[in-house]
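Hello,

Here is the structure for you to look at. Please open it before reading my notes.

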Amino acid sequence: SRNMENDTSFKFRQQLYLISENLVTEDVAALKFLCSDLLPLSKLEDVKSAADIFRLLMAQEYLNAEDTFLLAELLYRIRCHSLLEKLGYTKKKVQERLHVKGRVSPYRQMLYELSENITSAMLKEIIFLLQNHLPKRWIIRSALELLTSLEKQGLLTKDNVKILEDVCRIISPYLLEIIDCYKKAKVLCCNIFSSPDVQTAAKLLKELGVLPSFCPTKMHKRRCVLLSSEEEETPEDGAFYFNPRLDLNTQCLKFWLFSALKMLLFFFSFLQTMRSYKMDGPHRGFCLIINNVNFNGSQRKGSCKDAEQLERVFTWLGLDVRTYTDLTSGGITDLIETWQHVQDHKDRNCFICCILSHGKSGAICGTDNKLVSIRMLMSHFTAKRCPQLAAKPKLFFIQACQGDNIQCPVYVDTDRPIPDLSSVQERVPLLESIPDEADFLLGMATVDGCVSFRHIEEGSWYIQALCSKLQLLVPRGEDILSILTQVNQDVARRDAGTKKQMPQPAYTLRRKLIFPIPMAPPPL
């Protein structure tokens, strides 16, 4: 028996060790913050690793081999969903149990949600606005550190979030929405618990749309029958047995507790919705495909295969696809300027542009072999220059080399420009290709300085992987960044002899981008 206990304990600690090894510094900071209501702050300050947090949770009896749900909840909250399987959980299983077993308070969730949506530019602005409230000579490196500082000084509590409201009102209406959502949920919960009777509370919940219609007072054979029986641990026939020594309000107390918790869950599921871009309009958006095939005496063979596949997939996803072939550098610039001023963007959910060409660092080539800056192309769609697309996701996918230092093996071509280009550019870091504004995503076929591979018959590795993963993962409800991670993995597995390729996405998206699941099956 003792050997079995020792074996179980060892396996449990081994699980924790493996999870700890997969968490980076930012993850540890997030775990510390989410545990601040559960663990002594003095001990949290000494935490250096995830293993330190696990030890504290075990010491406080929040975590043991028989009950690992709190850790599962924490991993879920910081979106380390792939680690849940090490605890025997899935994302869906955690979601199903949160309203019953969840320990992270709505207040803590709200603050963490805020931190996840505060960009580095926003953080600088907030620090500037609050500099009189922050300790002198204290360097704040993250939104979590800022929030922690405000809490330590008593300027921020679960009952007083005014200081955050004041700065968010100036910095970002979207951040203010998150705070308002928390405040509304809190006020409504107070109203429910202070209701004079069951009927009043029931009416409040019903008006909120949190609960279906039910009869709170129907008596039959000395029991109170609730016609709604969705809560866990409710008797199979949906009834709470009536105790004649207790009044109806006491009998239904457990029901109201579950209802209030469910209401909070409702509001924070609304937060999840808020965290996603609106993509359910009648018109999804325009998708431009620029396919440069013919260059002075040479062809990008296989590129037409890419263009056809992109057209099929994005049409399937509900976009209005327009394809343009063999554009010079001037033609590309003129086309982008034309689409910048299209008024129909205002009725669309997003904008997508796919460019298939040769390229250099931070640029793509026209068929005249002249370079066009990727940043310049994207900057036409900033909120100031294209207000119809303000706050909407703008996606650019570039199939082009970003360097020319790798030769092509047999049957594989590279999207590097022909060697006699007149203009030569220095390398441009990928993040510098994105405008200094939110809601952009740039998906590059390769990292800076490297070639990208294109099969002369089957098309490029990157575009074919992108189309394949969109068809596979959109029906599963995956967001675009999760899909691009899978694209990276798929392309990285391929090789051309000893040559490899690694795509690289960069983004300033503020929310998840999830394409609605099409009614039609994926195109072949």
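Predicted model: local features only at pLDDT ≥ 70, side-chain atom pairs only at ≥ 80, totals over all residues.

Residues are numbered from 1 along each chain as its sequence is written, and side-chain values use heavy atoms, without hydrogens and water.

The sheet is open and mixed, with six strands in the order 6-3-7-11-13-16. Strands here are DSSP runs of E, at least two residues, and helices are runs of H or I, at least four, numbered from the N terminus. Two strands pair if DSSP finds at least two bridges between them. Strand 6 (320-325) and strand 16 (504-507) are the edges, each pairing on one side only.

Strand 11 (residues 394-399) and strand 13 (residues 440-444) run parallel and are joined by five bridges. In this pair, L395 stands opposite L441. Helix 18 (residues 461-473) packs on the sheet and touches strand 7, strand 11 and strand 13. Contact means heavy atoms within 4.5 Å.

Helix 16 (residues 329-340) lies across strand 3 (285-291), strand 6 and strand 7 (350-356).

Finally, L129 belongs to helix 8 (residues 120-129). Is L129 buried, partly exposed or exposed? L129 counts as partly exposed because its relative accessibility is 38%; buried means under 20% relative accessible area, exposed over 50%, and partly exposed in between (1.4 Å probe, protein chains only).

Regards

Note on methods. Axes fitted to C-alpha atoms, helices over the stretch in contact; angles between N-to-C directions.
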